[in-house]
Amino acid sequence: MISALIAQRIALGILLLLAVSVLIFVGTQILPGDVAQSILGQSATPVALANLRKEMGLNDPAYVRYFHWLFGILHGDLGRALTSKLDIATSIKERLWNTLFLAFWAATVAVPLAIILGLIAVRYRNGPIDKLISGLALASTSVPEFFIGYLLVYFLAVKFQVFPGISTVYSDMPLLEKMQAIALPCTTLMLGVLASMMRMTRAAILNVMQSAYIETAELKGLTALEIIRNHALPNAIAPIINVIMLNLAYLVVGVVVIEVIFVYPGMGQYLVDHVAKRDVPVVQAVGLIFAAVYIFLNVIADVASILANPRLRHPK
């Protein structure tokens, strides 16, 4: 039964990714402007434009170009950038690693801190500590990430010069220097997801705290901390896993603005640079990778919820 549910979730994820690939391809094709004209410039002759369109396959029907692109993706060929003629897979490799490196350290700090703060808020619910934590979380959620990033740059990079304002990293860079370079974008990302994870943790545990078996545990004389640790948290773990996975997906997919602010050499900066150049194959490749990561983490969240919550294994 469990294996069938897991296989169903995986199959739905693959179908969803296929549907997203169609949307990405259609979205890039209906953009205004002419790709060939953008590459050759305004001084291009009609003959040169016609030859380039033929070389790029722009004269083929849209469905033919889509299946040609999809066939290449399935064989690990992301194509070549129109502007630089470089292999996209090779160019993306290091940038994808940089984005995952940034997301990993943001998650390493944000996930345990969010769970701890959520547990503390439940332990002292409706008290000053709970109100302080919830108020700070609401304020953090209300402030746009780019504004938080610029504030951090102003105070920690310009005014006090604690961390660099431009997050330049490279493959042979020592780990400590890398950590110093990503301190500001990592903090900005962490603050962006910390509040939502903390609030969901608090809400999930408080929802479980209304159950009858929690009242029974209280009548047995268990302390509030024992009730939360032994009864409330294990039964609230499924929604907490879901929100953690969604926020982990956001850490990878939602880095575009952060990477642009801090000029971080990741996938987001790579995408923005090539959107400006109308480099369609790069935009398609990066968009599909972002979609694949997001769907993959959602599938993991569904599978983890099924394993953690027996009620999800049986039809209602």
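Predicted model: local features only at pLDDT ≥ 70, side-chain atom pairs only at ≥ 80, totals over all residues.
Let's start with H14, where the buried residues are Met267, Gly268, Gln269, Tyr270, Leu271 and His274. Once H14 is over, Arg278 comes just after it with a positive phi of about 55 degrees.

## How H5 meets H14

Two packed helices are described by the angle between their axes and the distance between the axes. For H5 and H14 (residues 267-276), the angle is about 135 degrees and the axes are 8 Å apart. An angle over 145 would count as roughly antiparallel and 65 to 115 as roughly perpendicular, so this pair is called oblique.

On the H5 side, the contact is made by Ile88, Ser91, Ile92, Arg95, Leu96 and Thr99; on the H14 side, by Met267, Gly268, Gln269 and Tyr270. Sorted by type, the residues of this contact come out as five nonpolar, four polar and one charged.

## Two buried asparagines

Asn98 also belongs to H5, a helix that covers residues 88-123. Its relative accessible area is 5%, and buried means under 20%, so Asn98 is buried. What does Asn98 touch, apart from its neighbours within four places in sequence? The contacts are Val169, Tyr264, Pro265 and Gly266.

The other asparagine, Asn247, sits in helix H12 (residues 237-253). Asn247 counts as buried too, with 10% relative accessibility. Leaving out residues up to four places away in sequence, Asn247 is in contact with Val193, Ser196 and Met197.

## The nonpolar cores

Now for the greasy part. The largest nonpolar core holds 49 residues, and Leu189, Met197, Ile205, Met209 and Leu251 have the most contacts inside it. Elements giving two or more residues to this core are H5, H6 (128-142), H7 (145-159), H9 (183-208), H10 (212-219), H11 (224-235), H12 and H13 (256-261). Which of them gives the most? That is H9, with 13 residues.

Leu189 is worth a look on screen. Not counting residues up to four places away in sequence, Leu189 touches Leu102, Ala106, Glu145, Leu251, Val255 and Ile258. Apart from the 49-residue core, there is a second, separate core of 25 residues, with Trp69, Ile73, Ile92 and Phe290 among them. Ile92 has already come up here, as one of the H5 residues that meet H14.

## Aromatic pairs

How many aromatic pairs does a search of the whole structure find? The search turns up seven. One to look at is Phe25 with Tyr66: the ring centres are 5.5 Å apart and the planes stand at 70 degrees, so the pair is edge-to-face. This pair links distant parts of the chain, with Phe25 in helix H1 (residues 2-29) and Tyr66 in helix H4 (residues 62-74), 41 residues apart.

Are these two partners buried or exposed? Phe25 is buried at 6% relative accessibility, and Tyr66 is buried with a relative accessible area of 9%. Trp69 brings us back to the cores, as one of the residues included in the second, separate core.

Note on methods:
Residues numbered from 1 in each chain as written. Heavy atoms only, no water. Helix = DSSP H or I, 4+ residues; strand = E, 2+ residues; numbered from the N terminus. Buried < 20%, exposed > 50% of the residue type's maximum accessible area, 1.4 Å probe, protein only. Contact = heavy atoms within 4.5 Å. Axes fitted to C-alpha atoms, helices over the stretch in contact; angles between N-to-C directions. Parallel < 35°, antiparallel > 145°, perpendicular 65-115°, else oblique. Nonpolar A, V, L, I, M, F, W, Y, C, P; charged D, E, K, R; others polar. Core = buried A, V, L, I, M, F, W, Y, C linked by side-chain atoms within 4.5 Å. Phe/Tyr/Trp six-rings, centres within 6.5 Å; stacked < 30°, edge-to-face > 60°.
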